Amino acid sequence: MSGELEQILLQLTQPDNAIIQQATAQLKLAFKDPAIIPALCAVMTGSQNPQIRQSAAVMLRMRVKKHWKKISLDHRESLKAVVLQAFQQETEHTVRHSLSQLSAVMVKHETPDRWPALFTLLNQSTKSNNPTDRQVGLLLLSKVVESNPEPFKPHYRQLLQLFGTVLQDLDNPTAMYYCILTLTAMTAYTGTEEMNLMRALIPRLIIALKHLIKADQGQASDAMEVFDELMESEVSIIVPHIAEIVHFCLEVSADTTLTDSLRVKALSCIAFLIRLKSKTVLKQKLLNPILQTVFPVLSAAPPPGEEDPEDEENGDEGDTDNESPKHFAAQVIDTMALHMPPEKLFQQLMPLTQVCLASENPYERKAGLMCMAVLAEGCADHIRTKLLSSMLQTVCQSLSDNNQVVRSAGLFALGQFSEHLQPEVSKYCAELMPLLLGYMSALNQAKIGHITKAFYALENFMENLGSEIEPYLPTLMETMLSALSNAENLKLKELAVSAIGAIANAAKEKLVPYFPPVIESLKGFLTDTRDEMRALQTQALDTLSVLARTIGKDVFSPLAAECVQLGLNLTNAIDDPDLRRCTYVVLLGLAPHLTAITTIMLLSLKSTEGVTAHLEEDKTFVLLDDDDDDDDGIPFVLSPFPRFSVENAYIDEKEDACDALGEIAFNTGATFQPFLESSFQQVYELRDFPHEDVRRAAFGAMGQFCRAQHKVWQENPTEANHQAMQKLLGVVLPSFLEAVRGERERQVVMGVLEAMNAVLKACQGEALQSPGRLQEISQAIRDVLKKRTVCQDGGGDEADDDEQQAEYDAMLQEFAGEGIPLLASAVPADTFQPHLNELLPLIMNKAKSSCTVADRSFSVGTLGEILQSLVSVSGGRACAGKLSNRLLPVLVAGVRDSDSEVRNNSVFGLGALAQAAGPLVAQDYPMMLSLFSNLLSKEQDRRVIDNLCAALCRMIMSHMEGVPLEQVFPALLACLPLKEDMEENKTVYSCLAMLYSQNPVSFLLRIPKLSYVDIKRYDNVGHPETQNTLVMLLRDVAQRHSQKFEGAVRSLPAEQKMKLTAAVSQS
């Protein structure tokens, strides 16, 4: 049979389709014969043609992989012997490679302990004096260990000792390459006993990589994966060698003679190290060397006649991610901004940026702007409070630069500022909107790639303007509608549709006059079936969903059914993840279509489309994959740390499906009940998805499901609904806590904490019914505040500088801190006090004057929220009284702070303390009143003054005897009405209503003039109960002081006058 088989395999290599088809049919027939295994073995060892020997090895691998259990024991044993024999006698590298892959698949089924001959061969070959034998042995070792690392664990120490020798074999780069691949495969399975041996290898590894770069840059690039694996799995191994690794990567990054992929690998390794070990990088003074290398890469001009990828004319994409060293150099700075204290970063980075911005070289000016752009997300607070004006001025000036490359970078920077530096950046609306509109009007002849960047900047800036957009609406909508109806370029239409969505987010109901032409254009796009319309249709659905949320129900509702049908028609007709993603958002809350919507979304969540596990299995001879219908389904075992790539469109689709399901569940309540269990199961499984955005969305949806179930129980408080809610909470909250402790990505943990806070706020004590739950959540919050979670580097391995940290690290702690007042309001004070006593010092530590403004504001703000929570719980007054001596000094110091937000939060905190503790802090009232009086005499910030009014009212309501009303009441009235913090109207009016109800005559005597607490604010009071009391007050005033009252009413706008007159005149 082997002779016939060799002939068939030879025919498969012929450049003739008819011959190949005939040979394929013969081969399928041959594979039905059990003798195929020995026949392939004979060809693999006996053929004179290396291509045929390789084909036989590949076919055997396919057979073994799919049908090992069907191969007889005799054939298995002979195969084990033959493959090793073939490997030893083979001289062709390609055939050896296929033989090593065949061995690797066999090791999955036939573990090494049942294949002693394999170990013998590996031992002999890897220790041979012959360099070629060593190389071949290491090739085989790398493949079998990579295929199934765990069974080799007992031999790891022996292997690591071998690697110590191989990595010094500098004249045999191929051997070093296979050695490093094996080391990479082992890393995830390494135990503590191998750590020191691995640690000792790092210096030799770096030297080996330097030699490998000289020999084969492609292999060197693959081999550098070892650093990623070490950082991912066992970062402690490389910590002592971080400086050496960074300097090696910088050397590679800076060498322009090397391939882009190798330089990119080095730069991404530096970024990964910064992400995991930013404190060590700073401590070892590596920041400056990194910046000195990264800036020349960032500012390098492209080769003559070429452009940077982001500056190339591209009608379809505009700004795209690319694999260039320049792109990754910007990522290094972006990572620094996200993971380093801004003060330390800016001190060394800004001088380099300024030099670039002042350069004659346009690519250096571009680099300065790109650097400013990528700082905006991670260092937002620092820029907003200290540098915004000067940085905005620089960016605005760049828009009139004579070089389009620089102008494009300026537009990108402005878009980033608009996205991340809110709300402060919107205050520059009067300067920026005319500039952007002028820039847009001059773009008629520009290339679409540049127009895309201009739209990006305009969109991001407009989206957050709110009512400030109104003066610019006519010009904006004229521009966009003109593009929709006249533009021939589909990309330009897509940009205009997207911009209309951004305008709608800001303008809301003010967009109604422009709605008819917009909706007609969108409907036209959605019914066009041409393939080239896909991107425009996706954007049209996206904008449609924005209009549905912003334009007002009265306007949109008549069109809702038609829009839903258009979306569903597209989803049914076209298999496109982006279209489905946008359809989900349009369909939110539309109950009649719940079955159709939920079915599509669940299919999306289940789908593994777009997810690829990289297992280095080549796809040759796929024609044999279907050779048997009765496939025994041998599982292809993945390692616990598989490498995945996921297409962005499918990530976005799953993320949006999770978000949409959560929102639908919450908004439709009982209607969603039939779909809750199946939806929850699919979402729950995504908490371990490879991409962090999907994990974050899954946790968010799980929180929404809990809140939805709680709402259903509240509306229909049956025992079945209560049990369903508790069952859900019993699964979701433990999974939240597990993620807080063990999730690596900081953004995911922030999402989990946000979702958990929302559940605690909605479900209150119901979320804490399970024994130990309060303790577990308090412990998780404490772990985050102490930086002991995995995403915070588990507490670190070096002394922590508590007062300087990256803004995102601080933000993570803020999310955790927000949970404390929610717990305080959910259980009796006595129950929570032991946990509160442990948490308070961690919050109070951040109020020190040496801490950042953001930390101080967070600290005193959280203390105020905790005190306010105690107002409404059993035992809260006694608890607040006990805490007063600890908290008063912190809050008093905060009232004297130089920052207005810290003062504001501290004033609120003192008011909350008075409200919670009441007479128990009576002895502190004189000091607090003196402090407030002093503050009022010099305070300029209206929000602080508003909160001071509310704090005085809280003091009065809680312990009126402690407040000298003759002096305080006139001062309070003089500060009214509230100007900025309208939420405190409820507090102020509640106080006034209380004073009036207790003693109307005395109250009216204390108001010499009829400001009457600015009766204009009547319909802003909020609470119906407070409003009723205030109406009684105003009726009484109207009767006793009718002339003054009518004079005051006459000055009101017509609508308010009518409301007030009607309210007062009702009996």
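**Entry 1: the whole chain**

I started with the secondary structure and found 50 helices and two strands in the chain. Helices (H or I, at least four residues) and strands (E, at least two) are DSSP runs, numbered from the N terminus. I noted that this is a predicted model, where local features need pLDDT of at least 70 and side-chain atom pairs count only at pLDDT 80 or more, while totals for chains, interfaces and linings use all residues. I also wrote down that residues are numbered from 1 along each chain as its sequence is written, and that side-chain values use heavy atoms, with hydrogens and water left out.

Next I looked up burial. Of the 1067 residues in the chain, 56% are buried. Buried means under 20% relative accessible area, exposed means over 50%, and partly exposed is in between (1.4 Å probe, protein chains only).

Then I turned to contacts, where contact means heavy atoms within 4.5 Å. Among the contacts in the chain with a separation of 6 or more, 75% are between residues 24 or more positions apart.

Axes are lines fitted to C-alpha atoms, for helices over the stretch in contact, and angles run from 0 to 180 degrees between N-to-C directions.

At what angle do the axes of H15 and H16 cross? I found roughly 150° for H15 (residues 260-283) and H16 (residues 287-298), with the axes coming within 12 Å. That makes H15 roughly antiparallel to H16. For the terms, angles under 35 degrees count as roughly parallel, over 145 as roughly antiparallel, 65 to 115 as roughly perpendicular and the rest as oblique.

I also noted that the crossing of H15 and H16 is left-handed. A crossing is left-handed if the near helix is turned anticlockwise from the far one by less than a right angle, and right-handed if clockwise.

I listed the residues that meet: Arg-263, Leu-267, Ile-270, Ile-274, Val-281 and Leu-282 from H15, and Leu-287, Ile-290, Val-294 and Val-297 from H16. Sorted by class, this contact has nine nonpolar, no polar and one charged residues. Here Ala, Val, Leu, Ile, Met, Phe, Trp, Tyr, Cys and Pro count as nonpolar, Asp, Glu, Lys and Arg as charged, and the others, Gly among them, as polar.

In the loop between H15 and H16 I found Lys-285. Its phi is near 55°, a positive value in a residue other than glycine. Lys-285 counts as exposed, at 67% relative accessibility.

**Entry 2: helices H41 and H43**

I then compared another pair. H41 (residues 876-895) and H43 (residues 925-936) pack at about 15°, with their axes 11 Å apart. The two are therefore roughly parallel to each other. H41 passes H43 in a left-handed crossing. Leu-888, Val-892 and Val-895 of H41 make the contact with Met-927, Met-928, Leu-931 and Leu-935 of H43. By class I noted seven nonpolar, no polar and no charged residues in it.

In the model, residues 887-925 are 72% helix and 0% strand, and their end C-alpha atoms lie 14 Å apart.

**Entry 3: residues in loops**

Is Asn-172 buried or exposed? I found Asn-172 buried, with a relative accessible area of 5%. Asn-172 is in the loop between H9 (156-166) and H10 (173-187). Leaving aside neighbours within four places in sequence, Asn-172 is in contact with Pro-131, Arg-134 and Gln-135.

Asp-113, in the loop between H6 (93-109) and H7 (116-126), counts as exposed at 63% relative accessibility.

In the loop between H25 and H26 I looked at Lys-508, which has a positive phi near 50°. Lys-508 is partly exposed, at 38% relative accessible area. Glu-509 lies in the loop between H25 (490-507) and H26 (515-526). Glu-509 and Ile-551 are 42 residues apart in sequence, yet 4.8 Å apart in space, C-alpha to C-alpha.

**Entry 4: cis peptide bonds**

Most residues other than glycine have a negative phi, and most peptide bonds are trans. I found a cis bond joining Gln-422 and Pro-423, with omega about 0°. Pro-423 lies in the loop between H21 (404-420) and H22 (429-441). The bond from Leu-976 to Pro-977 is cis as well, with omega near 5°.
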